Amino acid sequence: MLDNILEIKDLTISFDGFKAVNGLNTSVKKGDIHFFIGPNGAGKTTLLDAICGRVKPAEGCIMFNSLSDVTRMSEHQIVELGIGRKFQVPSVFMGITIYENMELAAVKKRSLYSSLFTKLNKEQIERIEDVLRTIGLYEKRYRTPSALSHGEKQWLEIGMLLVQQPEIMLLDEPVAGMGRKETERTGELLREISEKCSVIVVEHDMEFVRECADRVTVLHEGMLLDEGNMQDVQKNPKVIEVYLGR
Ligand code: ADP
């Protein structure tokens with residue numbers, strides 16, 4: 001299906017014979033904010049790891065844009081293809097400015113030294129400034145990230161992904177540790193981002209999921225328990241029993 005940015009087919013991921021993801025079939029629509037929810041150990045993080053090439057499945061495949069099977073690709077190839085991942089643990093450099101962090105991300109270089117001495121072209125500079133405005137950090141761009149609140153640091157990381165113009169962004173609990181206001185702002189930010197880029201989120205904050213989700217997939221013991229819009233999914237007795245009712 002052309003309107004699917006990602007198709008996951010019969011995916012099984014094993015660790016020493018234990019199936020963390022077990023015969024999963026699902027898809028993510030282009031431009032959607034798609035949440036994966038479920039109890040601890042359901043296989044959500046393992047699934048993100050498989051999409052970005054960190055773990056290799058035992059069976060099945062993950063098709064990107066109906067064309068590329070990413071399951072056999074390296075992490076680097078998958079980033080190049082347009083799939084960006086933000087981890088829970090912050091990965092910004094604290095000793096350089098917010099702007100320099102964005103420069104580093106924009107040139108996608110692994111070495112901090114070489115990135116800081118790579119001259120950016122006009123288009124890259126405009127893109128950085130654009131993203132800084134989108135994430136609300138333009139005014140603070142010459143400060144170091146240590147001056148930022150927890151939420152702002154998360155937005156900077158999202159910005160560092162965005163500047164690489166991915167087609168899919170994978171976010172692992174982006175609002176963990178945020179207050180309500182920052183959580184709401186993050187929701188607005190994801191909505192804005194989803195105009196250009198599909199967003200896949202693993203999340204436990206159900207209020208945030210209700211506010212933001214276009215579609216929700218519930219995982220339980222590595223398998224699909226339910227899928228659809230949050231209004232319907234949250235009424236499913238099985239979903240209430242294994243997750244929402246706890
Ligand atoms: P979730 O993100 O939904 O909490 P995970 O994907 O982290 O779940 O884990 C799913 C299951 O796979 C858990 O039982 C976990 O212990 C197991 N698991 C995850 N990663 C590994 C690993 N590297 N080695 C062995 N078992 C793992």
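Visitor: What order do the strands of the six-stranded open sheet have?
Guide: In this predicted model, the six strands of that open sheet are arranged in the order β6-β7-β8-β3-β9-β10, and their pairing is mixed.

Visitor: Which strands stand at the edges there?
Guide: The edges are taken by β6, residues 83-86, and β10, residues 223-228. Each of these has a single partner strand, so one side of each is left without a neighbour in the sheet.

Visitor: And how are neighbouring strands turned against each other?
Guide: On average, and with direction ignored, neighbouring strands of this sheet are turned by 20 degrees against each other.

Visitor: How many bridges join β6 to β7?
Guide: Four bridges join β6 to β7, which covers residues 168-172, and the two strands run parallel. Within this pair, lysine 86 stands opposite leucine 171 of β7.

Visitor: How many bridges join β1 to β4?
Guide: Strand β1, residues 4-15, is joined to strand β4, residues 59-64, by five bridges, and the two run antiparallel. Lysine 9 has cysteine 61 of β4 as its bridge partner, while leucine 6 stands opposite phenylalanine 64 of β4.

Visitor: What does phenylalanine 64 stand opposite in β5?
Guide: In β5, phenylalanine 64 stands opposite serine 68. The strands β4 and β5 pair in the antiparallel sense over two bridges, and they form a hairpin that has three residues between them. In that turn, asparagine 65 has a positive phi of about 55 degrees.

Visitor: Changing topic: which strands does α1 lie across?
Guide: Helix α1 lies across β3 (33-37), β6, β7, β8 (198-202) and β9 (215-220), and it runs at about 150 degrees to β7.

Visitor: Which residues surround the ligand?
Guide: The ligand is surrounded by Phe15, Ala20, Gly38, Asn40, Gly41, Ala42, Gly43, Lys44, Thr45 and Thr46. The largest share of this shell, three residues, comes from helix α1, which spans residues 44-51.

Visitor: How does that shell split by class?
Guide: Around the ligand there are three nonpolar residues, six polar ones and one charged one.

Visitor: What about α3 and α6, at what angle do they cross?
Guide: The axes of helix α3, residues 98-106, and helix α6, residues 150-162, cross at roughly 30 degrees and come within 8 Å. The crossing in which α3 passes α6 is right-handed.

Visitor: Which residues make the contact?
Guide: On the α3 side the contact is made by Ile98, Asn101, Met102 and Ala105, and on the α6 side by Leu156, Gly159 and Met160. By class, this contact of α3 with α6 has five nonpolar and two polar residues, with no charged residues.

Visitor: Last one: what is the mean pLDDT of the protein?
Guide: The mean pLDDT is 92, and 93% of the residues reach 70 or more. The model also scores ipTM 0.97 and pTM 0.93.

Technical notes
Residues are numbered from 1 along each chain as its sequence is written. This is a predicted model: local features need pLDDT of at least 70, side-chain atom pairs count only at pLDDT 80 or more; totals for chains, interfaces and linings use all residues. A residue is near a molecule or strand if its C-beta atom, placed from the backbone, lies within 6 Å of it. Ala, Val, Leu, Ile, Met, Phe, Trp, Tyr, Cys and Pro count as nonpolar, Asp, Glu, Lys and Arg as charged, and the others, Gly among them, as polar. Axes are lines fitted to C-alpha atoms, for helices over the stretch in contact, and angles run from 0 to 180 degrees between N-to-C directions. A crossing is left-handed if the near helix is turned anticlockwise from the far one by less than a right angle, and right-handed if clockwise. Two residues are in contact if their C-beta atoms, placed from the backbone, lie within 7 Å. pLDDT is the predictor's confidence in each residue, from 0 to 100. Two strands pair if DSSP finds at least two bridges between them.
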